[in-house]
Amino acid sequence: MDEKSRRKRQREMVKDQEAKQRREENRSKHLTLIKKLHSHYSRQLNACLVSLSKFDKAIKYFIRALKDIRQEDDERISSLKLLEERINNYIQPEENGTHIIIDAFFLNIQNFRLFRKQIKMNIYKTMKSYPDELMSGLQRRTMGELEVILNTWSTLTTPNYDISKLDHSSVDDLSQYFEDEQDTEIVRGILSLLPKLADMANRVDFLLIKYQM
């Protein structure tokens, strides 16, 4: 190799080294930001789950309220919009907490809507802004799964979405509040909604850990 070729080769090696260093710096900055966003997310998740835990302690009153507002004994509350219509038309007897517990349910739904919006605007947007060529295969797959979760999350909290077919195993633990299996099945969908959303929120927490690996 002559002197000219050797110097050219050295310059190329320096450029490659500088490019590699810039990639590592960008990766480090990106993961540091993701770590901060994850920490903030975890605090929000805990607050959201605390609110949900308080609601779960009063679940028997929610089940009773769902029975009270139905127009027919076998009517399924098939959407959030229908639930809102039924409670708005419900004439509450004195000392009846139906409106209070239904409001608490909708408050948790709204919390999850806002929670999802923050994830999309902060965490997901940050991931999307990271150059694709710098992403690892694991990060791409993780971001892809996060996108699916966010879309599902949005669908489940849409007022007109049919939630009557939702099923979560936690509903089986509430059998003592129902007369029989048919009685359970009538409200299984709506009782599955908040646990489903909580599962997705916890899954996002895991994905953020996975993304930083």
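Reader: Among contacts between residues at least 6 apart in sequence, what share joins residues at least 24 apart?
Author: 77% of them. Keep in mind that this is a predicted model.

Reader: Noted. How many helices and strands in the protein?
Author: Six helices and zero strands. Along the sequence the pattern reads α-α-α-α-α-α.

Reader: And what percentage of the residues counts as buried?
Author: 39% of the 213 residues.

Reader: Core next. Which residues touch the most other members of the largest nonpolar core?
Author: Ile102, Phe105, Trp153 and Leu191. That core has 59 residues.

Reader: Which helices supply at least two residues of this core?
Author: H1 (3–56), H2 (59–69), H3 (80–88), H4, H5 and H6 (181–211) each do. H6 gives the most, with 14 residues.

Reader: Back to Ile102. What is in contact with it, leaving aside neighbours within four places in sequence?
Author: Phe62, Ala65, Leu66, Ile69, Leu83 and Ile87.

Reader: Switching to H4 and H5. At what angle do they pack?
Author: About 155 degrees, with the axes 11 Å apart. H4 is therefore roughly antiparallel to H5, since the cut-off for that label is over 145 degrees. H4 spans residues 98–129 and H5 spans residues 137–156.

Reader: Is the crossing left-handed or right-handed?
Author: Left-handed, as H4 passes H5.

Reader: Which residues meet there?
Author: From H4, Phe112, Phe115, Arg116, Ile119, Lys120, Ile123, Tyr124, Met127 and Lys128. From H5, Met143, Leu146, Glu147, Leu150, Trp153 and Ser154. By class, that contact has 10 nonpolar, one polar and four charged residues.

Reader: What about Lys117, buried or exposed?
Author: Exposed. Its relative accessible area is 55%, and the cut-off for exposed is over 50%. Lys117 sits in helix H4.

Reader: How far apart are the C-alpha atoms of Lys117 and Leu150?
Author: They are separated by 8.8 Å. Along the chain, the two residues are 33 apart.

Reader: Last one, His30. Where is it found?
Author: In helix H1.

Reader: Why does His30 count as buried?
Author: Because its relative accessibility is 8%, and buried means under 20%.

Reader: What is His30 in contact with, beyond neighbours within four places in sequence?
Author: Thr126, Met127, Tyr130 and Tyr211. One of those, Met127, is also among the H4 residues that meet H5.

Technical notes:
Residues are numbered from 1 along each chain as its sequence is written. This is a predicted model: local features need pLDDT of at least 70, side-chain atom pairs count only at pLDDT 80 or more; totals for chains, interfaces and linings use all residues. Side-chain values use heavy atoms; hydrogens and water are left out. Axes are lines fitted to C-alpha atoms, for helices over the stretch in contact, and angles run from 0 to 180 degrees between N-to-C directions. Helices (H or I, at least four residues) and strands (E, at least two) are DSSP runs, numbered from the N terminus. Angles under 35 degrees count as roughly parallel, over 145 as roughly antiparallel, 65 to 115 as roughly perpendicular and the rest as oblique. A crossing is left-handed if the near helix is turned anticlockwise from the far one by less than a right angle, and right-handed if clockwise. Contact means heavy atoms within 4.5 Å. Ala, Val, Leu, Ile, Met, Phe, Trp, Tyr, Cys and Pro count as nonpolar, Asp, Glu, Lys and Arg as charged, and the others, Gly among them, as polar. A nonpolar core is a set of buried Ala, Val, Leu, Ile, Met, Phe, Trp, Tyr and Cys residues joined through side-chain atoms within 4.5 Å. Buried means under 20% relative accessible area, exposed over 50%, partly exposed in between (1.4 Å probe, protein chains only).
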